[in-house]
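This briefing covers a ligand site and a sheet with its helices. The sequence and structure come first, then the notes.

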Amino acid sequence: MRTRIIGTGSCLPETVVTNEDLSQIMDTSDEWISSRTGIRERRLVKEETTASLSVTAAKRAMENAGVSAQEIDLIIVGTITGDYVTPSTACEVQAALGADRAAAFDINAACSGFMFALHTADAYLKTGMYKTALILGAETLSKIMDWSDRSTCVLFGDGAGAAVVRSDEVGLLAYDQGSDGTRGMVLTCRNRKNNNPLVQNPTDFSYTQMDGQEVYKFAVTTVPKSIKKVIAQAGLTIDDIDYFALHQANIRIIQSVAKRLGVSEDKFPTSLDHCGNISAASVPILLDEINRKGLIKPGMKIVLSGFGGGLTWGSAVIEV
Ligand code: COA
């Protein structure tokens, strides 16, 4: 049996912030941001939370799959921006859905979070322990941005994407995931420092810091290798793949991956122009967008690939 994605959903915050809007509050321009990244606008939260976006995305995915809350055995959310340290976002989603049979937990694999959630759900489903899982990538990254650091804050946005997966005849054909903690410090957001009667630290929260060029080099070398690996594992060739749904970090990364694979950019759908980089939520939001546009037909083979903080990466070939 294979783990099959049977429904998708997504939710973006209401408020659109364009590059032009950002140029009113910092020294940047639409020309700089769009020419280097392909991003034109992003959505940022006002009242929405990671959990509220997740719940809406989850309901849409469940409706798309025709699955009720009582049928869900497992909920996994890939996120680095949960609203609470505890409860997890997955537990908040479980409560809001009334999915009281489900076990629920979060995964921190940064921008690879949805891919790690998919692979984890697959492992559980393969044991026969669970039959139906709800997996999400959800972020409110805007709260961990330093809005005075123009080189980083312009890249990111907020949102949530979800998928319902179930054991079936077709589905996940192959996957690859990996981590390289030795390079983790190129993309960081520090948690609270030690603070107790022995060690006094003022309560301070740090913001996202990134060495953009190092992250870029990591992505354009690791992602093509990971994609080639999963395609070979699935017993397929590059030409058998209908779409490559990649993490939406930067159009230049996507173009470079397409070139290194020798594949037309037409096979790489994008959402980054209107979403920016939403870390773990990028892949499921993109998948939902192409699903709802009717671009996914039965029998198609799609590569999914996430990569980012940790450093981490995860790729999969799915048959839909
Ligand atoms: N607006 C205008 N100018 C900006 C700017 C902004 N938002 N951000 C940086 N600059 C300036 C810099 O200050 C620098 O100016 P200087 O030459 O006078 O010092 C110049 O633009 C070039 O900066 P640099 O950081 O070298 O740009 P870059 O060409 O490397 O592009 C990124 C920066 C972030 C777009 C690029 O490195 C990148 O996409 N990296 C991958 C990041 C990523 O995708 N991370 C997430 C992965 S999960």
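Two strands count as paired if DSSP finds at least two bridges between them. Strands (E, at least two residues) and helices (H or I, at least four) are DSSP runs numbered from the N terminus. The model is predicted: local features need pLDDT of at least 70, side-chain atom pairs count only at pLDDT 80 or more, and totals for chains, interfaces and linings use all residues. Residues are numbered from 1 along each chain as its sequence is written, and side-chain values use heavy atoms, without hydrogens and water.

**Sheet**
- Strand S4 (residues 74–78) pairs with strand S6 (residues 132–140) in the parallel sense over 5 bridges, and Ile75 stands opposite Leu134 in S6.
- The open sheet has 5 strands in the order S1-S7-S6-S4-S5, with mixed pairing.
- S1 (2–11) and S5 (103–107) are the edge strands, each with a single partner, so one side of each has no neighbour in the sheet.

**Helices on the sheet**
- Helix H4 (residues 89–97) lies across S4, S5 and S6, where contact means heavy atoms within 4.5 Å.
- H4 runs at about 145 degrees to S5; axes are lines fitted to C-alpha atoms, for helices over the stretch in contact, and angles run from 0 to 180 degrees between N-to-C directions.

**Ligand site**
- The ligand is surrounded by 22 residues, each with a heavy atom within 4 Å of it.
- A polar side-chain atom of Thr28 is 2.7 Å from a ligand nitrogen atom.
- H7 (212–233) gives the largest share of the shell, 4 residues.

Technical notes:
Polar contact = N/O pair within 3.5 Å; in protein donor to acceptor, adjacent residues only side chain to side chain.
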